[in-house]
Structures are given as C-alpha cells and as structure tokens.
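Look at the sequence and the structure below. The text that follows goes from the ligand to the spaces in the protein, and then to the backbone.

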Amino acid sequence: MAKSLPKKAGFSEWYSEILLMAGIVDVRYPIKGLCVWHPFGLVLRNRVYSILRSLLDVDHQEALFPLLIPETEFMKEAEHIKGFEEEVYWVTKGGATPLEVPLALRPTSETAIYPMFKLWIRSHTDLPLRVYQIVNTFRYETKHTRPLIRVREITSFKEAHTAHTTWEDAEKQVHEAVRIYSEFYDRLAIPHIFTKRPGWDKFPGADYSIAVDTLMPDGKTLQIGTIHHLGTNFAKTFDIRYEDVNGEQQYVHQTCYGISERCVAAVIAVHGDDRGLILPPEVAPTQVVIVSIPFGEGKDVREASQRVHKMLSDERFRVVLDDSDERPGAKYYKWETKGVPLRIEIGPRDLKSNSVTLVRRDTFEKTSISVPDLVPTIHQKLKDIHTSLYEKAKKSFDERMVDCTALDEVKTTVKKGIAKINWCGEEKCGLKMEEGTGADVLGELTQTKKGKCPVCGKKTDKVVLMARAY
Ligand code: PR8
C-alpha cells in the first residue's frame, strides 16, 4: 500500500514526503545535501526557470562560465573571502598530482566572471553589460540541510551580473531586478516582500543587499532571492575600468542578483494541500488530466476520451489521457498528488449529453461542460486557478504579517509569521532585537512609520521585518 501523505499542518513531514510522492527530488543520493531531480520534478523546474529566462532575455545575455575558480582569483576580494571561506569546496589534486593552484568549486561566480569582465569592458560604449547564467554552485552549508531549501549543491543557481558607468545607473538596475523578481513571483502566484538587508547581513562585498522573502506554511520565512549593489568594490579588486566620454579611465559600478531552486520549493510549499501539490497552471507539467470511466465494455467512453484528448492537445494544452486499468479513485489520487490543475472525467452519463465533468484541483469544484464549450472553459479555468491560488496565498501572507511595537509582541508574532517593527537603524539595537526574540531581522522596508526603537527608545520612522527564517 502506498504511504499516505502527512497533513500539511505538520509542514516539515509533509514537505519531505510530498517531494518523494510527487516525484520532485530523491534525497537518497549518498552525499549529504545533494539531491537528484526526478524527471517530473525537472520538468516543473524547467518550466519555472523558463519564466525567469524569458524575463531576463529581454535585455540580459545568457553566458556560461566554468565551475572551477583559481584560488588566486577567489582570494582577491577580502570581504568576499571572509563571507565564503567556510563554505568552499576545494579541488586540490589532478589525479595523484597536487595542483599548483588549488581550485574552488564556485559558491557563486563573482570571482569567475569579473576577471573576464576586465577583458570585455573597454569603453563606456560597452556598458551597461548584463549577463546571467543558470548553473550549479556548491556551498558547504553547516546549518541543517533541506531539499531545495538549503542544499550543498545548488543545482539551479540563476545569477545575473551587470556593469554600469555610474553608481546611480547600477542602482537603477537594482530597481529593475526588483521589478523582474516581483513579476517572476507573481507568475508563480507566490506572495513576496522586498527588504533592504541589515548591514551585518549584506552580501560579502556589496554596498547594500535587497532580499525577497516569502512566508512558509509553518510561519518561517524563506529568502527566495537577493539583489546586491556592489558599487566599485569588485571593480577595484579586479581592475574593471572603462574609458569615459572624456577619455578618462573609470571603475565600473556593478550589481548582481540571484535566485535558486528555493523558488520551486516555494511553489510546492505555498500552494500544496493535504492531498499533495497544487501547481499554478503556467508551470504545471500537466495542466489537464482526462480520466475515462468506462462502464461495461466502455468502447464509446474510450473513444470519446481520445477525441477530447486530441482536441485539447491541438489547442496546445499540456494534457494527459489516463486510460490505464486502475480504479478511477486511484487515478484521481495519483494526479491530485502531482498537482494537475484540472481533471476531466468522462463516463457513460457524460457521453449521453455530449459533455464532460471538469474538476478543479484547488477547490474541487465540479462542473459539467458541454464538449463544444470545453476549450474556452479550460482557458478561463486555468486563469481563474492562478488568480485564486494567488489570492488565497496573499490572504494567508497578509494575515500573518503583524504590526508590533514591543519585542514581546514580536516574540509571539514570529511563532506564526512576520513581525513589522520600528528600529533606529543602529546595528547594536538590531542585534539586541534578534537576541531578545530569537528571530532574524530580515531587513528594512521602504515604507516608513513613525515610532520608537524597541531597544534604545529613540524616535524613528524606519520599519523592519522580523521572522524566524529558513
Ligand atoms: C549571491 N551572487 O550569491 P546569495 N540552498 C538553496 N538556495 C540557496 C542556498 C542554498 N544553500 N544559498 C543561497 N541560496 C549573489 C547573487 C550572484 C547572485 C539562494 O547571493 O548568496 C537564496 O535564495 O544571496 C539566496 O537569496 C540566493 O540563493 C542568492 O544567493
């Protein structure tokens, strides 16, 4: 007997089990923190990333840099090294021969890409330069690993790197990245919020960092992307200069921004329910499953199902006809687990009225639709499913984000969600707020509110978000 899915209320168990049951990743690979993508999971991942690609391809160029970085390059940027030194895997031998220069497996690719930027950028006419790659990166994470959420091989690291003539132009790119990531997460129906990371938690080597977070079912936040203004920090280290209009040499101003397979984890965790995945139609590997319910010989029902299958395939829906010999109930269960947004049931009674029964995965709403109306109805229902997935998730997100004025309130709020609270902006107060609540300061909102710092009592209009973060 197949194992049944634990209730989503016990999120951690539910999450581990659904990855296995739906066929997303297999965690049994014999290296801790590394997972295998199942074919079904990989199709989902590719659909998600094709949205990201299409958003970036408008004005970024895709490139591909090597996995290995010479220690000599990796060790150039002091802050960057400090931030990553505990997390780097090193290749030290080629066969039995010790390497003269050890090679790092990229934990991120600044130090692989920027020496090449130095060669590529000559003049202001080469700028802005915007490239991205989608690659695997390796981080020897010491915190508890979790599939797709905290892995040691990040298999799907989308990293964009840009160079500009001025600090302000780079800042415009930061805003543009915020817009792109916001649209990306809207397309996945994932509610999200951007904050400016506190100084003590910015990306190593950045002037400042912006993070985008979503809220998981257990009340913890998941950082699902970051955007960094690098100023001229890396440009100075890697000597990346351009000739300006007056013929003078200037350092470029840079940004970088990244998203990992956490975006897939968010889709799974935010939308799923006790029966399994619920996938937004745009990324669902299968959008419609047809289950025929033959009665007696059932030849007519089979044929009708095949006709409907052809009609929907011709319309370019991603549709599967399940005419296996399993019981209908077992088929429903199987496809529900996989999150297929719409199910079509065709039985003898439907046949008589030239209609089918359409069932929504998210609400289980059942309607009888006449065959000639089927195509427009499915188009509409898939749109409706996206909208209601987003609305439901947004409502739950908003309900769990609470305005607080005292640290005690923060402590209670972060058991279930995100606390919004004033902060004077001083690092020592921020760290005390973390100590006093056991929660993290995610970062500062652009939105302000008059109030007092809960630690020093100073008047301030800065507002930060605090939560227990994954
Ligand atoms: C950068 N450089 O590297 P970032 N498992 C899964 N996802 C992860 C993990 C992990 N172990 N670590 C980080 N992420 C910059 C930007 C190039 C691109 C995800 O930034 O270190 C997190 O969602 O902040 C994180 O926000 C994102 O990768 C970018 O990593």
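**The ligand and the spaces around it**

The ligand is surrounded by 22 residues, of which the closest are Glu-110, Glu-141, Gln-223, Thr-226 and Ser-260; a residue counts as near a molecule if one of its heavy atoms lies within 4 Å of it. This is a predicted model, in which local features need pLDDT of at least 70 and side-chain atom pairs count only at pLDDT 80 or more, while totals for chains, interfaces and linings use all residues. Residues are numbered from 1 along each chain as its sequence is written, and side-chain values use heavy atoms, with hydrogens and water left out.

Which residues make polar contacts (pairs of N or O atoms within 3.5 Å) with the ligand? A polar side-chain atom of Glu-141 is 2.7 Å from a nitrogen atom of the ligand. Thr-226 has a polar side-chain atom 2.7 Å from a ligand oxygen atom, and an N or O atom in the side chain of Arg-139 is 2.9 Å from an oxygen atom of the ligand. Taken alone, the ligand exposes 600 Å², and the protein buries 95% of that; these areas come from the Shrake-Rupley method with a 1.4 Å probe.

The shell around the ligand can also be sorted by class: eight residues are nonpolar, eight polar and six charged. Here Ala, Val, Leu, Ile, Met, Phe, Trp, Tyr, Cys and Pro count as nonpolar, Asp, Glu, Lys and Arg as charged, and the others, Gly among them, as polar. Strand 11 gives the most to this shell, with five residues. Helices (H or I, at least four residues) and strands (E, at least two) are DSSP runs, numbered from the N terminus.

Where does the ligand sit? The ligand is in the largest pocket, meaning that more than half of its atoms lie within 2 Å of the grid points of that pocket. Rolling a probe the size of a water molecule over the atoms shows where empty space is left. On a 1 Å grid over the protein atoms alone, a pocket is an open set of points with protein on both sides within 12 Å along at least five of seven lines, a cavity is a set where a 1.4 Å probe fits but cannot get out, and lining residues have an atom within 4 Å of a point.

The largest pocket has a volume of about 1200 Å³. Of the 48 residues that line it, the closest to its centre are Arg-139, Arg-150, Arg-197, Gln-223 and Arg-262. Strand 11 also gives the most to this lining, with seven residues. By class, the lining has 19 nonpolar, 12 polar and 17 charged residues.

There are also two cavities of 30 Å³ or more, where a volume is the space filled by probe spheres set on the points, and points are joined across faces, edges and corners. The largest cavity has a volume of about 60 Å³, and its lining includes Trp-335, Arg-343 and Phe-364. Six residues of that lining are nonpolar, none polar and four charged. The second largest cavity has a volume of about 40 Å³; among the residues lining it are Cys-35, Trp-37 and Glu-261.

Two places in the backbone remain. Most residues other than glycine have a negative phi, and most peptide bonds are trans. Leu-127 and Pro-128 are joined by a cis peptide bond, with omega about -5°. Pro-128 lies in the loop between helix 5 (110–120) and strand 7 (129–138). Ala-189 is not a glycine, yet has a positive phi of about 60°; Ala-189 lies in the loop between helix 6 (167–187) and strand 9 (193–196).

Methods: Polar contact = N/O pair within 3.5 Å; in protein donor to acceptor, adjacent residues only side chain to side chain.
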